[in-house]
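These are my notebook entries on a first look at this structure. I set down what I looked up and what I found.

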Amino acid sequence: MKHIYIFFFFILISCGSSKEEITQYQSQIKALNENNASLQNQLKEQDTELKSLNNLVNLQRENDSLPQVIQELDTKRSSLRSNEMMTGFETTLPNHLPSGVLSTMKSLSDQYRIISDINPFFLKLNAAADGSCGDYMLRIEHVVTEKKGFILLKECNPEWYLVLGAGSTFQNIEDDLSGIATFYVEKSENVKVSYGSEGKKVNPPTREVVMFYSSDRIPAVFYSDEGPYKWEWIGD
């Protein structure tokens with residue numbers, strides 16, 4: 001009987017130890033699970049940061065490639081011009097300008113380009129005294145200096161041209177006419193210009209003249225005086 005009591009006592013002690021170990025194991029498992037969850041969250045955060053860094057790297061690569069893209073676009077634009085392919089507003093010019101005038105402008109493309117910073121940017125008129133030949137005046141810009149001005153061409157003789165501004169000086173005007181805000185054709189009978197040493201005011205001996213207005217509203221007139229062309233600031 002004594003041995004039986006000892007056996008039961010040993011079993012009770014063994015069961016008590018097993019429960020404590022199980023409780024410890026459960027605590028360890030819980031701690032491991034919490035640690036694992038924490039590690040998973042850290043991995044997610046690191047993955048998010050990694051994606052952000054990859055986005056920044058891609059943006060930097062795109063930014064680094066912009067100069068090359070700009071250079072390629074500029075090369076394509078130059079190629080289009082060299083191949084006499086017109087873009088933008090220039091595509092409408094063949095509908096308004098004679099082929100001879102367009103050919104002359106293309107031959108001058110290394111010096112001047114047609115621009116549309118004012119409206120209108122070209123005119124058709126009879127600037128000659130006899131009115132025998134139609135004229136075209138276009139808004140231009142010097143390719144290198146970017147100084148603005150105008151060019152006069154004759155329909156019957158497109159190889160002849162006269163540049164006002166755009167890096168060239170003409171009579172008493174500057175070589176840059178960027179300050180001109182608008183220009184238009186006016187009948188000569190409506191304009192008075194200085195004539196002779198006394199500066200007598202008379203109508204120009206032509207059918208039409210070109211009126212220019214600067215951005216501060218100062219007018220000027222361009223006309224032909226029975227041969228030579230003249231530019232005159234005529235005041236307010």
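Which side chain meets that of Asp 135 in a salt bridge? I found that of Lys 154, at 3.3 Å from N to O. I note that the model is predicted. The pair links distant parts of the chain, with Asp 135 in strand β3 and Lys 154 in strand β4, 19 residues apart. Both Asp 135 and Lys 154 are buried.

I then looked up Arg 139, which is found in strand β3 (residues 135-142). Arg 139 counts as buried because its relative accessibility is 0%, and the cut-off for buried is under 20%. Its side chain meets that of Asp 117 in a salt bridge of 3.0 Å, N to O. Asp 117 lies in the loop between β1 and β2, 22 residues apart from Arg 139, and is partly exposed at 40% relative accessibility. A polar atom of the Arg 139 side chain also lies 3.1 Å from the backbone oxygen of Leu 177.

Next I turned to Glu 141. Its side chain forms a salt bridge with that of Arg 113 (2.9 Å, N to O). Glu 141 is buried at 9% relative accessible area, whereas Arg 113 is partly exposed at 24%. I recorded a network of salt bridges that links Arg 113, Glu 141 and Lys 148. The count of salt bridges comes to six.

Last, I examined an open sheet of four strands, in the order β6-β9-β10-β11 with antiparallel pairing. Its edge strands are β6 (180-187) and β11 (229-233).

Definitions and conventions:
Residues numbered from 1 in each chain as written. Predicted model: local features only at pLDDT ≥ 70, side-chain atom pairs only at ≥ 80, totals over all residues. Heavy atoms only, no water. Pairing = 2+ DSSP bridges. Helix = DSSP H or I, 4+ residues; strand = E, 2+ residues; numbered from the N terminus. Buried < 20%, exposed > 50% of the residue type's maximum accessible area, 1.4 Å probe, protein only. Polar contact = N/O pair within 3.5 Å; in protein donor to acceptor, adjacent residues only side chain to side chain. Salt bridge = Lys/Arg side-chain N within 4 Å of Asp/Glu carboxyl O.
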